[in-house]
Amino acid sequence: MHKYFFILLLITISMPSAAYDKSKLTKKWQHTPYDLYLSAKEAYEMKTSNPEAVLLLDVRNEAEIHYTGIPDTVDANIPYRFDSNQWKMKKKGKFGTFKMPKNKHFVAAIKNVLKAKNMSTDHPVIIMCASGNRAPFAVKALHEAGFKEVYSQVEGFEGIRAKDGKDKGTRTVSGWKVSGLPWSYDLVPQKMYFNFAPAKTK
């Protein structure tokens, strides 16, 4: 009983002092069932203030973290989508992109991370992607799986594209890197997806 109370106390302490202004999230898909949102700095503060009671996950794929780096405080890289060589055209029919199939074992892999850290689905989880586009969908997947408290880091690792000015179109607005938070190109093997994947996923 005392142990359970202590865990709840730690979780409460881990809550960020200032929540992200959700009025900035103008698109419906950006909102999640939990209605819990963090900036990159808030996510960092929440994780570092209580590292053993908060899970910080990077849901970008392996190629992304290989070429652009990963936050030092991330607990694990669990891709929400993978890269592929399958092509698709975009709506306007002029440009295309490569398909990114969903990771069928996304939730199961995260549960493996929790197990490895002696944590449960009751602990707070922070989801971060490249620019905030995948995080809400990853959060929704965890909500459907019964996780109790999941935050969307809305700015991502790379940041948000500038809408105007000399940097228009580039990711120079907020984000983990732009905020000057600790990150590295060096990948820690214990944090990689292959440690937590319940089955071959490709």
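How many salt bridges does the structure hold? The structure holds seven, where a salt bridge is a side-chain nitrogen of Lys or Arg within 4 Å of a carboxyl oxygen of Asp or Glu. The model is predicted, so local features need pLDDT of at least 70 and side-chain atom pairs count only at pLDDT 80 or more, while totals for chains, interfaces and linings use all residues. Residues are numbered from 1 along each chain as its sequence is written, and side-chain values use heavy atoms, with hydrogens and water left out.

**View 1. Five strands form an open sheet.**
Let us begin with the sheet. Its strands come in the order E1-E8-E7-E2-E4, and the pairing is parallel. E1 and E4 are the edge strands, each pairing on one side only. Strands (E, at least two residues) and helices (H or I, at least four residues) are DSSP runs, numbered from the N terminus. Two strands pair if DSSP finds at least two bridges between them.

**View 2. Strand E2 covers residues 55–58.**
In a regular strand the side chains alternate between the two faces of the sheet. Here, Leu55 and Leu57 point one way and Leu56 and Asp58 the other, and all are buried. Buried means under 20% relative accessible area, exposed means over 50%, and partly exposed lies in between (1.4 Å probe, protein chains only). E2 runs parallel to E7, and four bridges join them; across this pairing, Leu56 stands opposite Ile126. E2 also runs parallel to E4 (residues 76–77), with two bridges. Which residue of E4 is the bridge partner of Leu57? The partner is Ala76, and Asp58 stands opposite Asn77 in E4.

**View 3**
The buried residues of H4 are Phe106, Ala109, Ile110, Val113 and Leu114. An α-helix has 3.6 residues a turn, so residues three or four places apart point the same way. The buried residues of H4 pack against E2, E4 and H5, where contact means heavy atoms within 4.5 Å.

**View 4. Helix H5 spans residues 135–144.**
Ala135, Pro136, Ala138, Val139, Ala141 and Leu142 are the buried residues of H5. The buried residues of H5 pack against H4, E7 and strand E8 (150–153). After H5 comes Gly146, whose phi is positive, near 95 degrees.

**View 5. Asn118 follows H4 and has a positive phi.**
Phi of Asn118 is near 55 degrees, a positive value in a residue other than glycine. Asn118 lies in the loop between helix H4 (106–116) and strand E7 (125–128). Is Asn118 buried or exposed? At 71% relative accessibility, Asn118 counts as exposed.

**View 6. Lys22 and Asp35 form a salt bridge.**
Side chains of opposite charge can pair when their charged atoms come close. In this pair, the closest N and O atoms are 2.4 Å apart. Lys22 and Asp35 are both in the loop between H1 and E1, 13 residues apart. Lys22 is partly exposed at 39% relative accessibility, and Asp35 is partly exposed at 33%. Asp35 also has a positive phi of about 60 degrees although it is not a glycine.

**View 7. Lys47, Asp75 and Lys117 are linked in a network of salt bridges.**
Asp75 and Lys47 meet through their side chains at 2.7 Å, N to O. Asp75 lies in the loop between strand E3 (70–71) and E4 and Lys47 in helix H2 (residues 40–49), so this pair ties together parts 28 residues apart in sequence. Asp75 counts as buried at 11% relative accessibility, and Lys47 counts as buried at 4%. Lys117 forms a salt bridge with Asp75, the closest N and O atoms being 3.5 Å apart. This pair links distant parts of the chain, with Lys117 in the loop between H4 and E7 and Asp75 in the loop between E3 and E4, 42 residues apart. Lys117 is partly exposed, with a relative accessible area of 36%.
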